[in-house]
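The following exercises concern a single protein chain.

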Amino acid sequence: MLLAVIIASAIILKQSRQKEADVLMEDREHSTGAPVNSHEVKSIEDAAGKSADDSPDSSDVFQKSEKCLITEDEKRQLQEQALAAAEQVKEVYRDIEVIGSSSFASNIVDFTGEQCKEVVALFGQAGFVSITEDCNMVNPEKIQSFYSDYLEKRDSMFTIYEVNPDGLIGAFTFIYRDDKLQTYYVGIGWQQGGTPEIRSTLVNNIAEMKLTEKGYFIYSYEILIPHSSLRQYWRIMPISDQCRELTEKYISRLSYVNYNMLVTNWDSSNVGDILMPCMFEDIYRIYTGEILKAENQVIPAELYEQIMTTYFPVSVEKVRELCGYDEGSGTYPYKMIYSRPYPPFGEVVDYAENGDGTITLYIDGVWPDYNSDYAFTNIVVVQPFEDGTFRYLSNAIEKRELEIPIITGTEG
């Protein structure tokens, strides 16, 4: 009851900032088709009303509901440590252009993925744990040591520096003490000229945590932040650049929950089983790199058939039979994909280049929200073409730790 009163009071006090946060998160979800994770939510909520000079009491609602595991002195030390760590990477930020003052983003103009990776490399050279998108974690052994301490019920602590795509740095300190788990977050932004500053701090209680054999560090918070995932995760074990590139090119834009392509065993003999109108949106994005904009909710047949017969071993006649072709208008209906919460994703963990020019991809279905990095496995065969396009030739899926998603006819 006390916790409910605290949260209700906090909502009343922060209505205006929460309204702004919700708008920002809705924009984020609409543009990506994916739920916002808790790390992003925290930054977005900071944008809706927090500033670097907020008092500790006003900057953290949740720590009032539970005793904080670290002292105020330790918090100050962690903040100083985060700023000192940021000094190790400031060279990357020295020539940045900063526009605006919003706290939910770095406000850095055109911070690139390569710059993010450079920051991670510098953190690694300085001995810190760090990660960013499309990059292997540096110094992951510190997480492994922390997790071993946790299993042995020894008090322990470690900090990881996550570099967001826009250049904002999140310093997450994981604390295990008195048989309880918490995170203490310090958000580091940047001023013009490359001067780091603390943007926000936050304490969260952790409900559960595990380090998988394959190398995923998965954890969940006691209080689920609105719009966030059920669980947060990092891949701490390295994956090859080639597997990462194959995942990005062939797998990352496909869905396990919106259509049958990845959850049905198929090849050229039964490819009709996977043809669903809603899948075109994702295949179009793979082909063009752009989001589909369908005028009057229809798609010209020439475009539709060109893409579908390129990417699948299927005839125009079969596409017309199964995907809703309208002969009178020469169009196909546009079926929007509605984002589903907590979907799994696939990652290529191995591959084989075959003598006939095809590539066999060995894929693990990762479902962190359900605590699995080995939910099911796929074997997908693709045929690359000289113009950069390719064709999916077959898929085979096998259940591992979780049930394979079931797609009903209503999805398409």
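**Exercise 1. Classify Asp149 as buried or exposed, and identify the partner of its salt bridge.**

Solution. This is a predicted model, and every value below is computed from it. Step one: Asp149 has a relative accessible area of 17%. Since buried means under 20%, Asp149 is buried. Step two: the salt bridge of Asp149 is formed with Arg154, and the closest N and O atoms lie 2.8 Å apart. Step three: Arg154, at 42% relative accessibility, counts as partly exposed. In general, side chains of opposite charge can pair when their charged atoms come close.

**Exercise 2. Determine which parts of the chain are tied together by the salt bridge between Asp364 and Lys214.**

Solution. Step one: the side chains of Asp364 and Lys214 meet in a salt bridge with an N to O distance of 3.0 Å. Step two: Asp364 belongs to strand 11 (residues 359–367), whereas Lys214 belongs to the loop between strand 5 (195–211) and strand 6 (216–221), so the pair ties together parts that are 150 residues apart in sequence. Step three: Asp364 is buried, its relative accessible area being 8%, while Lys214 counts as partly exposed at 21%.

**Exercise 3. Describe the surroundings of Arg235.**

Solution. Step one: Arg235 is located in strand 7 (residues 232–235). With a relative accessibility of 16%, Arg235 counts as buried. Step two: apart from neighbours within four places in sequence, the contacts of Arg235 include Ile131, Met137, Tyr216 and Val349. Lys214 and Glu347 are also among them. Step three: a polar contact of 3.2 Å joins the side chains of Arg235 and Glu347, and a polar atom of the Arg235 side chain lies 2.8 Å from the backbone oxygen of Met237. Step four: Asn136 is 99 residues from Arg235 in sequence, yet the C-alpha to C-alpha distance is 7.8 Å.

**Exercise 4. Give the strand order of the open sheet of four strands, and name its edge strands.**

Solution. Step one: the order is 10-11-12-13, with antiparallel pairing. Step two: strand 10 (345–353) and strand 13 (390–399) are the edges, for each pairs on one side only. Step three: on average, neighbouring strands of this sheet are turned by 25° against each other, direction ignored. Step four: strand 11 pairs with strand 12 (residues 372–384) over eight bridges in the antiparallel sense. Gly365 stands opposite Phe376 of strand 12.

**Exercise 5. Summarise the chain as a whole: how many helices and strands are there, and what percentage of residues is buried?**

Solution. Step one: the chain has twelve helices and 13 strands. Step two: buried residues account for 48% of its 412 residues. Step three: of the contacts between residues at least 6 apart in sequence, 57% join residues at least 24 apart. Step four: the chain exposes about 19,800 Å², of which carbon and sulfur atoms supply 49%.

Note on methods: Residues numbered from 1 in each chain as written. Predicted model: local features only at pLDDT ≥ 70, side-chain atom pairs only at ≥ 80, totals over all residues. Heavy atoms only, no water. Helix = DSSP H or I, 4+ residues; strand = E, 2+ residues; numbered from the N terminus. Buried < 20%, exposed > 50% of the residue type's maximum accessible area, 1.4 Å probe, protein only. Contact = heavy atoms within 4.5 Å. Areas by Shrake-Rupley, 256 points an atom, 1.4 Å probe, with all protein chains shown as cover. Polar contact = N/O pair within 3.5 Å; in protein donor to acceptor, adjacent residues only side chain to side chain. Salt bridge = Lys/Arg side-chain N within 4 Å of Asp/Glu carboxyl O. Pairing = 2+ DSSP bridges. Axes fitted to C-alpha atoms, helices over the stretch in contact; angles between N-to-C directions.
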